[in-house]
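Biologist: Hello! Could you walk me through this protein chain, one step at a time?
Modeller: Gladly. Have a look at it first, and then ask away.

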Amino acid sequence: MSALPLLALNQLSSGGGVPLVLLHAYPVDSRMWQAVAAHLPAHVRALAADLPGQGFSPLGSIQTSMQETAEAVYRTLKNEGIANAIVVGCSMGGYVALALAERHPAFVAGLGLVDTKATADSADVRAYRLRMAREMEMGPTIAPALAMYASLLGETTLKERRALIPAVENWVHSQSPRGLAWAMKTMAGRLDRTEMLRHYHGPVAVVLGAEDKATTVADAQVMVEAAQDVTLEVIPQVGHLSPVEDPAAVAAVLTGLHRRVLRRSAPKARPF
């Protein structure tokens, strides 16, 4: 295993107990979770990590491996003294969350899978990702990421929430070509983790934007059918970046997930 970087970790709310750890989508960074955190109850602690080479996190010499990415997140959280966490990921962040639950199931007290999928890429999608990665490395340029980001927003957002567009553009512009290329190659090489979900015992919340073009209802249903203790929330009038497009709705789902985890961990009353 290569030397794993410690990642930038931002505390978005300062409650106690088992924290929510929020992992961002491609091609943005942890800032996409700020509005969600603003809608969480005061007692819920939320932290958002920048994945390797994104935001303020170094890329270092980490391999293009979802397993190593999960280990970098785990090492960073353990370094902060966090014993266990509810891990929530949007899109690429969901892939990392699944890999983390596979490697350290006792650490992951609950899983939030937002606009993501457990299955691996098809051959065509994998080839597309690798082609985009080569373009970004050879440029070097972030043009491929800029060309795709608008398709991640729902049609309603593009028409009625246009004030969100400059912020998302700014997040993409602030990324490095090397970091974005690394992320594309890492996503292309990920494994199918549907079977892992069948064996995961913690609560799972699956969230899907009704206007999501990248993740389908069928993708969400695969995860719902595999997980043991699962809820599904389809959020109307949002696309692939539902935490940005409707942060209140996503925060409500995560608050419910947090409540389910606490209910499981509460000591049971002894019979008299």
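Biologist: How do the axes of H2 and H3 cross, and at what angle?
Modeller: Keep in mind that this is a predicted model. In it, the axes of H2 and H3 come within 8 Å of each other. Their crossing angle is roughly 80°.

Biologist: Which word describes how H2 and H3 lie to each other, parallel or perpendicular?
Modeller: Angles from 65 to 115 degrees fall in one class, and the axes of H2 and H3 cross at roughly 80°. The two helices H2 and H3 are therefore roughly perpendicular.

Biologist: Which residues in H3 meet those in H2, and what are the classes of the residues in the contact?
Modeller: On the H2 side you will find Met66, Gln67, Thr69, Ala70, Glu71, Val73 and Tyr74. They meet Tyr95, Val96, Ala99, Leu100 and Arg103 in H3. By class, the contact of H2 with H3 has 8 nonpolar, 2 polar and 2 charged residues.

Biologist: Is H8 mostly covered or uncovered, and how many of its residues are buried?
Modeller: A residue is called buried when its relative accessible area is under 20%. The buried residues of H8 include Leu180, Trp182 and Met184. H8 is mostly covered, and its count of buried residues is 9 of 12.

Biologist: What is the distance between the end C-alpha atoms of H8, and what span should its 12 residues have?
Modeller: H8 covers residues 177–188, and at 1.5 Å a residue it should span 16 Å. That agrees with the distance between its end C-alpha atoms, which is 17 Å.

Biologist: Is His43 buried, partly exposed or exposed?
Modeller: His43 sits in the loop between helix H1 (34–38) and strand E3 (44–49). Its relative accessible area is 47%. Buried needs under 20% and exposed needs over 50%, so His43 is partly exposed.

Biologist: Which residues is His43 in contact with, leaving aside its neighbours within four places in sequence?
Modeller: Gly15 is 28 residues from His43 along the chain, yet their C-alpha atoms are separated by 4.2 Å. With those sequence neighbours left aside, the contacts of His43 are Gly15, Gly16 and His258.

Notes. Residues numbered from 1 in each chain as written. Predicted model: local features only at pLDDT ≥ 70, side-chain atom pairs only at ≥ 80, totals over all residues. Heavy atoms only, no water. Helix = DSSP H or I, 4+ residues; strand = E, 2+ residues; numbered from the N terminus. Expected span 1.5 Å × (residues − 1). Buried < 20%, exposed > 50% of the residue type's maximum accessible area, 1.4 Å probe, protein only. Axes fitted to C-alpha atoms, helices over the stretch in contact; angles between N-to-C directions. Parallel < 35°, antiparallel > 145°, perpendicular 65-115°, else oblique. Contact = heavy atoms within 4.5 Å. Nonpolar A, V, L, I, M, F, W, Y, C, P; charged D, E, K, R; others polar.
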